[in-house]
Amino acid sequence: MDEHSLRVLELAAIRQRLADETAFAGGSDLALALRPSIDRSEVARRQAETGEAVLLLERGGPRLTGAHDVREFAERAAIGGLLQPDALAAIAETVRAGLDARGVLGARDDVPLLATVTDAVAPGLGLLADRIETAVEPDGSRLRDGASARLRSLRRQIGTARLKAAERLRLLAAEVRHHLQEDFVTDRAGRPVLPVKAASRNAVPGIVHDTSGSGQTLFVEPFAIVEVQNAIRELEGAEREEVERILAELAALVRVAADDVVACVAALAHLDLALACGALARRLGGCAVEPASDVLLEAARHPLLDPATAVPIDLDLRGIRGVVVSGPNTGGKTVGMKTLGLAALMHQCGLRPPARRACLPVFDAILADIGDEQSIAMSLSTFSGHVRNLVRIVDGAGERSLVLLDEVAAGTDPHEGAALARALLERLVERGALVVATTHYPELKEWASATEGVVNAAVGFDPDTLAPTYHVAIGRPGASHALQIAERLGLPAAIIARAREAVAPARLAAADLLAEAAGAERDAAATLARAGEAGVAAELALAEAVRRERELAEALEAVRAGARAERERARAEAEAMLGDYRRELDGLRAEIREARRLEERRDGLASSAAAAAASERDRRLGRATELTRRAAGALHDALAEPAVTRARPLAVGDPVVARELGVRGTITEIAGDEAEVQGGTLRVRLPLARLEPDPRGVATASPADRPVQVRIAAAGPVAPQLDLRGQTGDDARQAVRTYIDQAHLSGREEVEIIHGRGTGAVRKAVREELARHPLVSESTPTSADGATIVRLAVSDR
């Protein structure tokens with residue numbers, strides 16, 4: 001693995017956290033030296049051991065608190081060196097920990113891999129531990145009195161002699177206390193002395209061992225106890241010899257078992273590392289990795305961020321070889337990329353990445369260029385530093401490589417940088433590497449949209465609060481929002497306006513469409529959150545949507561057959577009006593719609609069965625709504641007739657027809673610019689502007705005296721929603737008028753019109769049309785302001 005990439009992805013910090021979970025130095029050393037493997041079988045074994053460790057920690061496993069890294073002591077003994085009591089005690093504790101672990105794991109059948117690890121602990125080490133524990137104090141401070149019979153005897157004699165010397169010294173001090181500077185007994189060089197006044201030197205015969213700093217006190221060992229102290233010194237010498245003999249004997253036992261002791265420590269270190277991997281997985285909320293050929297991460301978090309505040313991200317890269325991530329600065333592009341890189345590294349180290357689900361391949365190389373590589377000492381600019389890393393990445397990338405590029409080819413001329421970035425990404429994708437690159441270059445976004453196997457991705461951004469949401473949306477590019485952020489942060493309006501003038505209109509339009517798409521996604525999420533579970537009613541609604549879809553498809557086909565020429569004329573006029581601008585944006589709109597479908601399909605795969613059913617229901621209902629809108633518009637165009645010039649104003653009793661609604665009847669009342677038309681059991685109130693004399697009708701003096709014929713040519717059942725996202729303001733106005741009329745005729749009392757947020761042009765047109773439509777009694781915006789709920793006037797039937 002590339003060392004630079006491991007450094008910029010901060011694997012060292014993960015290893016340090018892993019080391020903090022270990023029980024002793026042996027496991028800690030393995031944790032700090034842990035490196036990702038590129039061997040699939042080795043990665044699988046590591047992951048399996050981590051899984052067994054998690055199981056052990058959940059159900060209670062061996063405790064390694066008594067283990068020590070005693071390999072140095074074993075190696076010293078192997079070459080004939082002497083071991084001190086503390087080293088021997090550590091060896092005994094380590095052997096006991098190894099034997100305990102072997103016993104615990106050997107008795108279980110659910111941790112076969114870790115049980116095999118502890119099989120390396122030789123059972124015969126128990127005899128060594130027994131002998132050491134018999135001879136050495138548990139804390140390793142010294143040998144036990146019972147280490148040998150001679151040692152016990154010598155220590156008993158030493159104790160008796162010291163008591164005698166202390167008693168003799170106490171009595172002597174009492175006799176000469178008026179010659180002493182202090183009333184206590186101390187020692188110098190291991191010999192007991194009295195603090196005698198300098199003036200009374202001759203009053204206390206003995207050996208002077210020291211003098212105080214002032215010269216006023218002499219520390220004297222009286223001759224009366226010199227012989228006793230000499231005898232004690234001889235006994236202490238014999239004790240030291242016996243201790244050295246016993247230590248040599250114990251060291252010889254360790255020398256014989258040195259290889260087994262080293263193997264025991266290695267096994268414990270291996271087990272300690274596995275348990276630390278399990279403990280870290282539990283602490284981070286890691287999930288077991290599913291081996292796969294493509295990447296899929298659900299609710300993945302950066303392992304070095306606070307779990308309480310880190311925003312989880314979803315990355316579905318199945319069937320994808322390149323991802324171009326765009327969006328505003330501080331929006332989470334780099335964090336998302338590092339999350340992927342660390343998830344791959346942790347997987348190949350045997351660790352569990354923090355995620356709800358993780359499907360990952362084993363990469364043979366993980367190559368990253370992240371951060372500022374500027375170096376004054378090496379005469380490297382930011383761009384030069386990046387290029388040096390790119391050379392290394394191009395040389396090392398292959399078909400099983402993961403390449404992560406942050407702000408690829410940035411820090412130079414934007415046009416040349418974009419061209420270089422595109423050429424670089426093309427080469428890496430051609431080699432079969434999985435490439436994830438962040439950028440602000442629009443040329444790269446366009447390339448991703450047009451290249452098979454490469455997709456755009458956007459980081460979330462709330463335009464109202466200017467705060468990033470840190471979510472990553474696969475399938476659509478992100479806008480940088482530079483002008484909007486600068487305006488909100490207080491940059492003068494004149495500067496912002498000048499900057500907007502300098503930006504190509506197509507760029508601004510594309511940014512507006514991206515903002516509208518993001519707003520639509522938020523509106524959809526809010527709608528789903530409000531909707532909840534619909535139960536049986538949802539299933540019935542789904543069945544109704546399927547039926548409406550079939551009927552509307554048939555009706556639409558019939559209309560198309562009868563009005564082909566009219567539709568061709570309308571299409572030609574629309575294309576002439578929109579011209580090059582519409583053609584330029586058609587591809588972007590198609591990309592946004594495709595992104596929405598991909599997002600819905602991804603969400604469906606990641607959710608439960610119920611969520612999948614709800615997603616399918618929403619798709620089918622949305623499709624039925626779209627077909628309704630198109631069918632209504634087509635029927636309107638097909639049924640439209642030339643306007644009739646009125647010879648006189650309409651009056652009560654006149655037979656009239658509303659051609660675009662398919663309504664025929666007789667005027668029963670006129671109030672202002674509206675007329676009430678009745679026929680049969682149906683009575684509706686319509687604008688006079690939409691009525692014209694019916695040449696097939698007969699005027700009546702009184703509606704009650706003469707029959708009235710009413711025909712309704714509705715397009716069939718009308719969907720409860722109308723989706724206008726992606727349309728122009730004029731198209732939206734016409735669609736709203738037709739839809740409201742059809743909805744009123746079908747008997748609906750409430751409908752929802754989805755217009756999105758975006759630039760607000762469609763929303764404004766919709767609400768202006770609703771405000772003056774006579775069949776609308778009330779309109780209310782949704783909480784996210786991406787749609788409007790419309791209450792229709794109730795017909796008097």
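These are my notebook entries on a few places I looked up in this structure, which is a predicted model.

**Entry 1: the whole chain**

I began with the chain as a whole, and I noted that its secondary structure comes to 23 helices and 23 strands. Of the 797 residues in the chain, 46% are buried. I then looked up the accessible surface, which comes to about 38,400 Å², and I wrote down that 53% of this surface belongs to carbon and sulfur atoms. For the contacts I took those between residues at least 6 apart in sequence, and among these 69% join residues at least 24 apart.

**Entry 2: helices α2 and α11**

Next I turned to a pair of helices. A general point I kept in mind is that two packed helices are described by the angle between their axes and the distance between the axes. Helix α2 covers residues 11–20 and helix α11 covers residues 258–284, and their axes come within 8 Å of each other while crossing at roughly 110°. Angles of 65 to 115 degrees count as roughly perpendicular, and α2 and α11 are therefore described as roughly perpendicular to each other.

I also asked myself which residues in α2 meet α11. On the α2 side I found Ile-14, Arg-17 and Leu-18, and on the α11 side they meet Leu-273, Ala-276, Cys-277, Leu-280 and Leu-284. Sorted by kind, the residues of this contact divide into 7 nonpolar, no polar and 1 charged.

I then followed an open sheet of 4 strands, whose order is β1-β2-β4-β3 and whose pairing is antiparallel. The edge strands are β1 (186–188) and β3 (206–211), each of which pairs on one side only. From one strand to the next, the twist averages 50°.

Looking at one pair within this sheet, I saw that β3 and strand β4 (residues 217–222) run antiparallel and are joined by 5 bridges. In this pair, Val-208 stands opposite Val-220 in β4. Helix α10 (residues 223–256) lies across β2 (191–197), β3 and β4, and α10 runs at about 65° to β4.

**Entry 3: Glu-221**

Staying with strand β4, I picked out Glu-221, which lies in this strand. Is Glu-221 buried or exposed? With a relative accessible area of 0%, Glu-221 is buried, because buried means under 20% relative accessible area. Leaving out residues up to four places away in sequence, I listed what Glu-221 touches: Arg-191, Pro-192, Val-193, Gly-206, Ile-207, His-209, Val-226 and Gln-229.

**Entry 4: Asp-130**

Asp-130 and Ala-92 are 38 residues apart along the chain, and their C-alpha atoms are separated by 7.8 Å.

**Entry 5: strands β21, β22 and β23**

My last entry concerns strand β23 (residues 787–792), which pairs with strand β21 (residues 750–754) in the antiparallel sense over 5 bridges. Here the bridge partner of Glu-752 is Ile-789 in β23. Strand β22 (residues 776–781) also runs antiparallel to β23, and 5 bridges join them. In this second pairing, Val-776 has Leu-792 in β23 as its bridge partner. Finally, I noted that β22 and β23 form a hairpin with 5 residues between them, and that Asp-785 in the turn has a positive phi of about 65°.

Terms used: Residues numbered from 1 in each chain as written. Predicted model: local features only at pLDDT ≥ 70, side-chain atom pairs only at ≥ 80, totals over all residues. Heavy atoms only, no water. Axes fitted to C-alpha atoms, helices over the stretch in contact; angles between N-to-C directions. Helix = DSSP H or I, 4+ residues; strand = E, 2+ residues; numbered from the N terminus. Parallel < 35°, antiparallel > 145°, perpendicular 65-115°, else oblique. Contact = heavy atoms within 4.5 Å. Nonpolar A, V, L, I, M, F, W, Y, C, P; charged D, E, K, R; others polar. Pairing = 2+ DSSP bridges. Buried < 20%, exposed > 50% of the residue type's maximum accessible area, 1.4 Å probe, protein only. Areas by Shrake-Rupley, 256 points an atom, 1.4 Å probe, with all protein chains shown as cover.
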